[in-house]
Amino acid sequence: MIQISTPLQLEPHRDMRQLSVLAKLPLVATAPGTQSIKSVLKEHGVDYHFATSADGHDSMATLADADVLIYAASVIAAAKNAGADLSPVIPFRPTPILRFLGRPLGGRQNVLLQAAVYRLHNTTISSNYNAGGCVVPTFDTLISRIDYAEGTRRIRSITVGDWFVDQIRLNLILKLDPASLKLRGLERRVYGWASAHVNRIAAEPWAIPLNYAWFKSGGQHQPESPGGFRKFRHAIRLLVARNALPGFQLELIGQPRSQALRISRKSFVDSPNNPLHSIVIERQPEPLFAPEIPSIVIPAL
């Protein structure tokens, strides 16, 4: 039988964590209905390829579903900070999970939370990512295993992969502002970029050309293709006008046909020593798309 330890008491403002790679890349879908996403992360001159897939199910996991992974990362990171053993097994108790994530409590929320777990369990991930010597997430699912209370379909625990735990062991994680969980869709995606890329110490702004931001958000066609990229560019302009990311300032820079999204920490924007020349601009890795990566099929529960 799986041994389940009681997690430490978590406080969102102190303990909320996310894997860096989940913030940097579209490993989950921005909206329901997406079947698969391929993406590339360039680090230290190496291109790491990722492929996530719903493997025949109606939809792969979404950003909202991935809040469950934020809870899992927070539990494991808290254990690490306390000097405890790191276990991939996370007790599944809806009320403390929903409370930690800032969601309403009640029966419908429990059902939605369980549905998110199933979608994460049915979403496969394949990659060659081994930065820092971490375990490679090859042919795994975003939640590796679900265990039930005996004789019921009530989820007792979820288990994440060794690769997930190893990311936390190597401190490849980010601290999140709980207010960010109120964001939805593309705005939530952009907050992930801000958390991952805008330097916390030097507070240098980070900028990304919109044609690359399209791919980084999960776009799977060239920006020149009609429809999708045009809508994406319009959505980015609306986000900039709204400017509601907790702790960050958004603006568009450059000419209309070659614009970039610039993200700064609000403390940096307000500083009298704001050196605009220090912007860090992310460049698109080449080639953008990974070769075909085989994946396994996880049967639906």
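**Strand pairing, a helix crossing and the nonpolar core**

Ser53 stands opposite Thr124, a residue of strand E5, where helices (H or I, at least four residues) and strands (E, at least two) are DSSP runs numbered from the N terminus. The model is a predicted one, in which local features need pLDDT of at least 70 and side-chain atom pairs count only at pLDDT 80 or more, whereas totals for chains, interfaces and linings use all residues. Residues are numbered from 1 along each chain as its sequence is written, and side-chain values use heavy atoms, with hydrogens and water left out.

**The four-stranded sheet**

- Four strands form an open sheet in the order E2-E3-E5-E6, with antiparallel pairing, two strands being paired if DSSP finds at least two bridges between them.
- Strand E2 (36-43) and strand E6 (140-141) are the edge strands, and each has a single partner strand, so one side of each is left without a neighbour in the sheet.
- Strand E3 (residues 46-53) and strand E5 (residues 124-127) run antiparallel and are joined by four bridges.

- Tyr48 belongs to strand E3 and is buried at a relative accessible area of 8%, on a scale where buried means under 20%, exposed over 50% and partly exposed in between (1.4 Å probe, protein chains only).
- Although Tyr48 and Asn128 are 80 residues apart along the chain, their C-alpha atoms are separated by 5.9 Å.
- Leaving aside neighbours within four places in sequence, the contacts of Tyr48 (heavy atoms within 4.5 Å) are Ser39, Val40, Leu41, Glu43, Asn128, Tyr129, Asn130 and Ala131.
- Glu43, located in strand E2, is likewise buried, with a relative accessible area of 14%; not counting residues up to four places away in sequence, Glu43 touches Lys24, Tyr48, Tyr129 and Ala131.

**Helices H7 and H9**

- The axes of helix H7 (residues 185-197) and helix H9 (residues 228-242) come within 10 Å and cross at roughly 70 degrees; such axes are lines fitted to C-alpha atoms, for helices over the stretch in contact, with angles from 0 to 180 degrees between N-to-C directions.
- H7 and H9 are therefore roughly perpendicular to each other, a description that covers angles of 65 to 115 degrees, while those under 35 count as roughly parallel, those over 145 as roughly antiparallel and the rest as oblique.
- From H7, Leu186, Glu187 and Val190 meet Phe232, Ala235, Ile236, Leu239 and Arg242 of H9, and the residues of this contact divide into six nonpolar, no polar and two charged.

**Nonpolar core**

- The largest nonpolar core has 78 residues, of which Phe50, Phe164, Val190, Ile236, Leu261 and Ile263 touch the most other members; helix H3 (residues 67-81) gives the most to this core, with eleven residues.
- Such a core is a set of buried Ala, Val, Leu, Ile, Met, Phe, Trp, Tyr and Cys residues joined through side-chain atoms within 4.5 Å.
- Ile236 touches Leu186, Val190, Leu210, Leu252 and Leu261, when residues up to four places away in sequence are not counted.

- Asn171 lies in the loop between helix H6 (162-169) and strand E9 (173-175), and its phi is positive, near 65 degrees, in a residue other than glycine.

Note on methods. Ala, Val, Leu, Ile, Met, Phe, Trp, Tyr, Cys and Pro count as nonpolar, Asp, Glu, Lys and Arg as charged, and the others, Gly among them, as polar.
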